[in-house]
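Thanks for taking a look at this one with me. Here are some notes to read alongside the model.

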Amino acid sequence: MNMDGENHTVTADSGNAFDAKATAGTTVTFVAPAKAGTYPFHCAYHANMHGVLVVK
């Protein structure tokens, strides 16, 4: 859920595991990787925004 006025993405740091665009004020869903593991991600628009998706 993107609750601010800026567009964001949830983009896998490596490969093409996921890349979802969350435009301002919207809620988006995407298919997480099926394989268990950790998947670092970032926002393509904001270099300081990053995290890790954990799939169990």
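Is Phe-18 buried or exposed? Phe-18 is buried, its relative accessible area being 5%. Here buried stands for under 20% relative accessible area, exposed for over 50%, and partly exposed for what lies in between (1.4 Å probe, protein chains only).

1. **How to read the notes.** This is a predicted model, in which local features need pLDDT of at least 70 and side-chain atom pairs count only at pLDDT 80 or more, while totals for chains, interfaces and linings use all residues. Residues are numbered from 1 along each chain as its sequence is written, and side-chain values use heavy atoms, with hydrogens and water left out.

2. **The sheet.** Four strands make up an open sheet, ordered β2-β1-β3-β4, with antiparallel pairing. At the edges are β2 and β4 (50–55), each of which pairs on one side only. From one strand to the next the twist averages 25 degrees.

3. Across from Asp-19 in β2 stands Thr-11, and across from Ala-20 stands Val-10.

4. **Two faces of β2.** In a regular strand, side chains alternate between the two faces of the sheet. In β2, Ala-20 and Ala-22 are on the covered face, whereas Asp-19 and Lys-21 are on the uncovered one.

5. **The aromatic rings.** How many aromatic pairs does a search of the whole structure find? It finds two. Rings of Phe, Tyr and Trp (its six-membered ring) pair if their centres lie within 6.5 Å; planes under 30 degrees apart are stacked, over 60 edge-to-face, and the rest tilted. Phe-18 and Phe-41 have ring centres 6.5 Å apart and planes at 65 degrees, so this pair is edge-to-face. Because Phe-18 lies in the loop between β1 (8–12) and β2 (19–22) and Phe-41 in strand β3 (residues 37–42), the pair ties together parts 23 residues apart in sequence. Phe-41 is partly exposed, at 22% relative accessibility. Ring pairs link Phe-18, Phe-30 and Phe-41 into a cluster.

6. **His-42.** Strand β3 also holds His-42, which is partly exposed at 27% relative accessibility. Its side chain makes a polar contact (N or O atoms within 3.5 Å, one able to donate a hydrogen and the other to accept it; residues adjacent in sequence count only if both atoms are side-chain atoms) with the side chain of Asp-13, at 2.6 Å. Thr-9 is 33 residues from His-42 in sequence, yet the two are 7.3 Å apart, C-alpha to C-alpha.

7. **Asn-2.** Asn-2 sits in the segment before β1 and is buried, at 6% relative accessibility. Its side chain reaches the backbone oxygen of Thr-23 at 3.4 Å. Leaving out residues up to four places away in sequence, the contacts of Asn-2 (heavy atoms within 4.5 Å) include His-8, Ala-22 and Thr-26.

How values were computed:
Pairing = 2+ DSSP bridges. Axes fitted to C-alpha atoms, helices over the stretch in contact; angles between N-to-C directions.
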